[in-house]
Amino acid sequence: MDLAPTPDSNGAGEADEVVRLASLSPELIEAILSSLPVPDLGRALQTCTTLRAAGRAESPLWSAMAARTLGIHVPSGVQARLHLQTAWGSEPRRLAFHGVLTDGGIDTPHGDVDVTQADLNDRLFPCWVDAMFNPVPWLVYCSDAGVDTVTCVGQLAGLHDLHTEDQERARRAYMLDRLRVVADTVWGVPVEGFGGLASQAPVILDDAFLAATEMHFDLLLHGLRSTIEQGQHVLKIRRIRAQIEADRVTRRRPRGEAAGVVRETVGDRSCLVDARVSAALLPRETVAVVKRLAFRKAMMCSCPASHLAVFTAVDEVGARAVLEGDGALGRITSHVVSGTEWPGWFMEEDIGRVVRRTDHGPGLFTEFAPPDAPTGAPALVGTLAFRMQLEPVADVSAVPLITFDLAHWRPARYLVVKLLAAENLMAACNDDHEEMNVDMDFVGADGCLLEVRGEGPELLAL
């Protein structure tokens, strides 16, 4: 491969010496190759023996490529090459994150009802922050009334279990079908539509089904004419009831702060932290490479967030990082709260450099370049401005899931989400709270998992 200047109009440069890439020092060759996109690098290594030698398994080229494209630094060239092959050779899969922290509190059905510690210690509490990181459409995070900006943190838990989701979807469909007559003739509650049973969290639907089996079992057998068919459904209904009762026992937590959600305070602000999750999830050696972000607006709620910002972090994200306002999270919040135009202010150097804007119909996504130097703080990935909608939707399945492919992949053990600027649909939703809150259906990421092992490999929060 020749590196030769292009002659100008006067012919200058024609006699200049042609520089061949293969004649450069190994260090320069590796520096040039490490700047190529990974697919182009693979093709370049097949052009000659010199370049093929530069791409040997133990070459530092692979460590440089992993740091640039994946945001991780692995001293071993062999391991770095394996990570690159895994990341580039796999289709993005939905990553699982468990909600572990929020400074937005928890919504309550009415203004005069308090959420008890027992409620918070129930991992399936309908409005807990964990619901926001779960892609199923029947779970939604709702902050406390009066909170207008909310930060939520999700911790990496592996890959999303589609089989379990499909099982729950089928179980819900059966329960809703059996509850239809009870809900209509006895309770006066719709199954579909806004506020219907189909949009309720599993805990609420389970409670409704359990109540129906205790008081209106015969109505659960509607539409079943033959004795054999009725007997089959009786057995199925009893199995579901037994499972619900068993789940209630499993969810009971031992007493004490270490057993559940605790409140941490920094200055005059506080947040809720799930003390159970961190120790129970993936080991530190496991890191996700985030290739795509996914969102679903909370259009079944009265105060859906209209704007949000997403950060990734490799180091543990605690209450102090969330509550202190002098970092990027605080600057973004102050800009939005002050009414500065969205998203033009993101061109400011202290926030980050815009690398891509994607208009996706339901929303405008703005992606930012990774920071030049790694830090332990969460790094801004992008912001989303949803299209405004004036009415809530009646069918939870009608809310679109929108995705955005990232120009720069990010390593992550934590997703940090800042929810901002809620829409006021309280009148349309018959919401009797005195103040607005902030609601969000789903924020998640697609990518792959890497096991970064060795003698103290450094993970860069790029």
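**View A. Glu423 is buried, with a relative accessible area of 5%.** The side chains of Lys297 and Glu423 form a salt bridge (2.2 Å, N to O). This pair links distant parts of the chain, 126 residues apart: Lys297 lies in the loop between β9 (286–296) and β10 (305–313), and Glu423 in the loop between β15 (414–422) and β16 (439–440). Helices (H or I, at least four residues) and strands (E, at least two) are DSSP runs, numbered from the N terminus.

The model is predicted: local features need pLDDT of at least 70, side-chain atom pairs count only at pLDDT 80 or more, and totals for chains, interfaces and linings use all residues. Residues are numbered from 1 along each chain as its sequence is written, and side-chain values use heavy atoms, leaving out hydrogens and water.

**View B. Arg169 and Glu165 meet through their side chains in a salt bridge (2.5 Å, N to O).** A salt bridge requires a side-chain nitrogen of Lys or Arg within 4 Å of a carboxyl oxygen of Asp or Glu. Both residues belong to helix α7 (residues 162–187), where a spacing of 4 residues separates them by about one helical turn. Arg169 is partly exposed, at 37% relative accessible area, whereas Glu165 is buried, at 13%.

**View C. The side chains of Asp177 and Arg178 are joined by a salt bridge (2.9 Å, N to O).** Asp177 is partly exposed, with a relative accessible area of 32%; Arg178 is buried, at 5% relative accessibility.

How values were computed:
Buried means under 20% relative accessible area, exposed over 50%, partly exposed in between (1.4 Å probe, protein chains only).
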